[in-house]
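Me: I'd like to go through this model with you, one question at a time. Ready when you are.

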Amino acid sequence: MDKDSIFNKNDGFQPLIKKAKRKSLKKTIIISTIVTIGVLLVIGFIFIIAHYQMQRSMSEYLSVKRDQSEVYGANIGYDKSTTSYNLDSSINQDQYVKDVAGISYTWYNEQTWFKIYDSPTTIYNNEITASSNNEQQYYRNGQRVVNFYLPGGKKTEDDRGFLKSLPLSNIVELAISFKEEMSTHQMINQFPTAQWAWVQNPDADISIMPRYVIGDYAYGFTITAPKKGIEGLEKDVENFRVRLSNLSKEDEKDTHVKPVLKSIRQKGAVLVSGVIVTGKVQDLLPLIKKDSVNHVSVGVIIPY
């Protein structure tokens, strides 16, 4: 008899012992397999839920950004986007452009990184930079950023002289600020070629100096079809109201539109404080002579 076993190798229990060992091994393998598959299924399920939440977050975030681009940023419009996906994240890149007399001028790209385990992170490919010579002037992408001047302020130095010094054939973006707010009908009658209308946001406009507002951070709406006159303008104003209403339901720290809506309700209408016009210098010079003009700011300049 084997000293290490109470059973003799030749007795009748050995086949039963081997069979029991095989059963135990099979049972262990089956249980391990089931547990492993279960763990993988749980991990996979959690990953699918997390990925779904990321996609939902991405859709909601971009929807807000699209609405915001309709009411925010002077003469800045959403152009196109591309999205790339990784296992646990995705990157969306939006391109924003300015319409300068029919020329689509790329203004900046906005890249947003979405992750299944974190909130979205947005990175701009170029930021606004201040001029070392003029504290009122900012630049982006090598071009001037327009400014607006709040109505009611005394006349101050602006870009009229600079505009007159440019070659007459140059194509220019020009921000015109009014002495007083005016109705949208008055605005389109005086400036029928206006492309974008500035609507003051009393509590959220970003100022560079007292009474100045950086154009890229101004609120307003695109005038999509100047040739359609009042009828087209009314649709633009209604779209502006709808976008503001949609944004007011989102997180206010991301939109800052409630002061605009409150101001519109108090005034009973959408009143305009300035406009963006574009074209050749020779065509813009007559506009700055109008009595309603209080301040002029030159933006993008395209030599022509």
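Me: Which residue in strand 13 is the bridge partner of Trp 198?
Reply: Bear in mind that we're looking at a predicted model. On the strand 13 side, the partner of Trp 198 is Gly 274.

Me: What is the strand order of the open sheet of 5 strands, and which strands stand at its edges?
Reply: The order reads 12-10-13-9-14, with antiparallel pairing. The two end strands each have a single partner strand, so one side of each has no neighbour in the sheet. On average, neighbouring strands here are turned by 20° against each other, direction ignored. The edge strands are strand 12 (220-222) and strand 14 (293-302).

Me: Is Ala 101 buried, partly exposed or exposed?
Reply: Ala 101 sits in the loop between strand 2 (89-100) and strand 3 (103-115). Its phi is positive, near 55°, and it isn't a glycine. Buried would need under 20% relative accessible area and exposed over 50%. Ala 101 has 37% relative accessibility, so it counts as partly exposed.

Me: What is the phi of Asn 141, roughly?
Reply: Look in the loop between strand 6 (138-140) and strand 7 (143-145) for Asn 141. Its relative accessible area is 37%, so Asn 141 is partly exposed. Though not a glycine, Asn 141 has a positive phi of about 60°.

Key: Residues numbered from 1 in each chain as written. Predicted model: local features only at pLDDT ≥ 70, side-chain atom pairs only at ≥ 80, totals over all residues. Heavy atoms only, no water. Pairing = 2+ DSSP bridges. Helix = DSSP H or I, 4+ residues; strand = E, 2+ residues; numbered from the N terminus. Axes fitted to C-alpha atoms, helices over the stretch in contact; angles between N-to-C directions. Buried < 20%, exposed > 50% of the residue type's maximum accessible area, 1.4 Å probe, protein only.
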